[in-house]
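Subject: Handover of a protein structure

Dear colleague,

Please find below the structure that I am handing over to you.

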Amino acid sequence: MPALASLRLWRTARPTLRRLGLGLGLGAFPRRRQQQQQRRDMAALAGVADVEIDPDGVFKYILVKLSRRDGSEHKDIVRGTKNAEYHNHIFEKLTSEMEKLELDCKCLGGGKIDHNSKQKKIRVFGLSTGFGKADHSISVEKLKTVYKDYEITWSDETK
């Protein structure tokens with residue numbers, strides 16, 4: 001009987017002890033918090049769209065490596081807009097957005113995109129004088145995941 005009574009007491013007290021960080025040993029809760037943080041970090045990374053570009057026109061774009069602060073997870077993303085006078089304007093805006101999600105950005109290069117939504121064609125070309133030329137083949141692969149029914153090409157031409 002005494003064992004049964006102590007088991008009942010343990011079951012009722014366990015939620016309170018857990019909230020206080022007691023009852024499962026010193027290492028259990030820090031590990032759990034770390035695992036929860038890792039899940040949030042992965043969710044933040046997964047929640048960022050691979051591609052965000054303007055629906056039409058010729059505009060600057062950048063290829064960016066986005067990673068968790070500890071560097072364990074990363075992915076490449078494409079950003080482009082005709083509102084940016086220079087490639088670094090795109091990067092600065094993206095960096096401030098990603099800092100809120102506790103993600104790091106590294107610009108891998110840039111170029112231009114010619115997007116024609118009526119003809120369903122995208123052409124990736126050129127380079128960024130500040131960041132250098134992006135690997136357009138990687139950018140095109142990212143674009144193909146979003147624009148599946150488009151004809152997407154790339155070249156090293158500057159115009």
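**Helix H4 and the sheet**

Helix H4 (residues 136–146) lies across S1, strand S2 (57–68), S3, strand S4 (103–116), strand S5 (121–125) and S6, and runs at about 170° to S6. Helices (H or I, at least four residues) and strands (E, at least two) are DSSP runs, numbered from the N terminus. Contact means heavy atoms within 4.5 Å. Axes are lines fitted to C-alpha atoms, for helices over the stretch in contact, and angles run from 0 to 180 degrees between N-to-C directions.

Please note that this is a predicted model, in which local features need pLDDT of at least 70 and side-chain atom pairs count only at pLDDT 80 or more, while totals for chains, interfaces and linings use all residues. Residues are numbered from 1 along each chain as its sequence is written, and side-chain values use heavy atoms, with hydrogens and water left out.

**Overall composition**

The protein contains four helices and six strands. Along the sequence they follow the pattern α-α-β-β-β-α-β-β-α-β. Of the 159 residues in the protein, 34% are buried, where buried means under 20% relative accessible area, exposed over 50%, and partly exposed in between (1.4 Å probe, protein chains only). Among contacts between residues at least 6 apart in sequence, 64% join residues at least 24 apart.

**How the strands are arranged**

In which order do the six strands of the open sheet stand? The order is S1-S3-S2-S4-S5-S6, and the pairing is mixed. The edge strands are S1 and strand S6 (151–154), each of which pairs on one side only. Direction ignored, neighbouring strands of this sheet are turned by 25° against each other on average. Strands of a sheet pair through backbone hydrogen bonds, either parallel or antiparallel. Here, two strands are said to pair if DSSP finds at least two bridges between them.

The individual pairs may be followed across the sheet:

- S1 and S3 run parallel and are joined by three bridges. Glu-52 stands opposite Arg-79 in S3, and Ile-53 has Gly-80 in S3 as its bridge partner.
- S2 and S3 run antiparallel, with eight bridges between them. Thr-81 in S3 is the bridge partner of Lys-60. S2 and S3 form a hairpin with five residues between them, and Gly-71 in the turn has a positive phi of about 80°.
- S4 and S5 run antiparallel and share five bridges. Asp-114 has Arg-123 in S5 as its bridge partner. These two strands form a hairpin with four residues between them, and Lys-120 in the turn has a positive phi of about 55°.
- S5 and S6 run parallel, joined by four bridges. Val-124 stands opposite Trp-154 in S6.

S3 is mostly covered, as seven of its eight residues are buried.

**A proline in a loop**

Pro-55 lies in the loop between S1 and S2. Is Pro-55 buried or exposed? Pro-55 is exposed, with a relative accessible area of 57%. Not counting residues up to four places away in sequence, Pro-55 touches His-115 and Ser-117. The C-alpha atoms of Pro-55 and Ser-117 are separated by 6.5 Å, although these residues are 62 apart along the chain.

Rolling a probe the size of a water molecule over the atoms shows where empty space is left. On a 1 Å grid over the protein atoms alone, a pocket is an open set of points where a 1.4 Å probe fits, with protein on both sides within 12 Å along at least five of seven lines; lining residues have an atom within 4 Å of a point. Grid points are joined across faces, edges and corners, and a volume is the space filled by probe spheres set on the points.

The largest pocket has a volume of about 210 Å³. Strand S1 (51–53), strand S3 (74–81) and helix H3 (87–100) are the elements that give two or more residues to its lining. H3 gives the most, with five residues. The lining includes Glu-52, Arg-79 and His-89. Its residues divide into three nonpolar, four polar and five charged. In this grouping, Ala, Val, Leu, Ile, Met, Phe, Trp, Tyr, Cys and Pro count as nonpolar, Asp, Glu, Lys and Arg as charged, and the others, Gly among them, as polar.

The second largest pocket has a volume of about 180 Å³. Among the residues that line the second largest pocket are Lys-60, Tyr-86 and Phe-131. Its lining divides into three nonpolar, seven polar and two charged residues.

Yours sincerely
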